[in-house]
Structures are given as C-alpha cells and as structure tokens.
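Me: I have a model open here and would like to go through how its features got their labels. Could you take my questions one at a time?

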Amino acid sequence: MLQVLYSPRQCEGLGLSDGEVMERLWSYLRRFSRMTKEMRPAHRIDVLSHALLYYAFTSKQKLGNLFLRCLL
C-alpha cells in the first residue's frame with residue numbers, strides 16, 4: 001500500500017529517471033576498460049569498486065555544494 005501511495009508516479013514534483021545518471025556512470029567507467037582488460041577477475045572487481053566509490057564520493061560532494069549554493 002505504501003509503495004502505491006509514495007510511488008514517484010503518484011507524488012507531485014517527483015520525476016522518473018531519464019537515464020542520464022546511468023549514461024554518465026558508464027561514461028566514467030569506460031576509461032577503465034583498457035586498464036582492467038587483462039586483469040584477473042578479483043583484481044578487476046577491486047579496481048572498479050574503488051572507482052565507483054570515488055565516483056559516489058565526488059557526486060555526493062557536488063550535490064552538497066549545489067545544495068549549499070541554493071540555500072544561500
């Protein structure tokens with residue numbers, strides 16, 4: 001019941017994702033393709049995990065800075 005009430009389709013002002021975020025993420029990960037091509041699977045997972053953690057960290061910081069600019 002809660003999923004129906006608070007679905008992005010039902011809440012005014014909330015929009016669905018247009019895929020832009022995923023396109024940016026894949027674009028960021030594309031530069032790791034050559035580097036990880038000949039790595040063992042475990043090492044490849046480590047490298048990509050660190051890259052994704054860094055991407056998430058920088059995205060959160062950008063979001064925080066944007067939020068602060070909007071408040072001021």
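Me: What makes F67, L68, L71 and L72 a nonpolar surface patch?

Reply: Happy to start there, and do keep in mind that this is a predicted model. Nonpolar side chains such as Leu and Phe are joined into a patch when they lie within 5 Å and their residues have over 30% relative accessible area. F67, L68, L71 and L72 make such a patch, with an area of about 520 Å². One of them, L71, lies in helix α4.

Me: How do you know whether L71 is buried or exposed?

Reply: The relative accessibility of L71 is 58%. Exposed means over 50%, so L71 counts as exposed.

Me: And how do you know that the length of helix α4 agrees with what a helix should span?

Reply: Helix α4 covers residues 41-71, which is 31 residues.

Me: Which residues of α4 are buried, and what do they pack against?

Reply: They are V47, A51 and T58. Their packing partners are α2 (20-30) and α3 (33-36).

Me: Why is T58 called buried?

Reply: Buried means under 20%, and T58 has 19% relative accessibility, so T58 counts as buried. T58 is found in helix α4, and a polar atom of its side chain lies 3.0 Å from the backbone oxygen of Y55.

Me: Why does T36 count as buried?

Reply: T36 has a relative accessibility of 6%, and therefore counts as buried, the limit being under 20%. This residue lies in helix α3. Leaving aside neighbours within four places in sequence, T36 is in contact with R44, V47 and L48.

Me: Why is the pairing of R24 with E20 called a salt bridge?

Reply: The closest N and O atoms of R24 and E20 are 3.2 Å apart. A salt bridge needs a side-chain nitrogen of Lys or Arg within 4 Å of a carboxyl oxygen of Asp or Glu, so this pair qualifies. A search of the whole structure finds one salt bridge.

Me: Where do R24 and E20 sit, and why do their exposure labels read as they do?

Reply: Both lie in helix α2, four residues apart, about one turn of the helix. R24 has a relative accessible area of 53% and is therefore exposed, while E20, at 34%, counts as partly exposed.

Me: To finish, what is the overall make-up of the chain?

Reply: The protein chain has four helices and zero strands. Buried residues make up 14% of its 72 residues. The accessible surface comes to about 7000 Å², of which 60% belongs to carbon and sulfur atoms.

Methods:
Residues are numbered from 1 along each chain as its sequence is written. This is a predicted model: local features need pLDDT of at least 70, side-chain atom pairs count only at pLDDT 80 or more; totals for chains, interfaces and linings use all residues. Side-chain values use heavy atoms; hydrogens and water are left out. Helices (H or I, at least four residues) and strands (E, at least two) are DSSP runs, numbered from the N terminus. The expected span of a helix is 1.5 Å times one less than its number of residues. Buried means under 20% relative accessible area, exposed over 50%, partly exposed in between (1.4 Å probe, protein chains only). Contact means heavy atoms within 4.5 Å. Accessible areas come from the Shrake-Rupley method with a 1.4 Å probe; for residues, only the protein chains shown count as cover. Patches are made of residues with over 30% relative accessible area and no salt bridge: like charges are joined within 9 Å, nonpolar side chains (Val, Leu, Ile, Met, Phe, Trp, Tyr) within 5 Å. A polar contact is a pair of N or O atoms within 3.5 Å; within protein, one must be able to donate a hydrogen and the other to accept it, and residues adjacent in sequence count only if both atoms are side-chain atoms.
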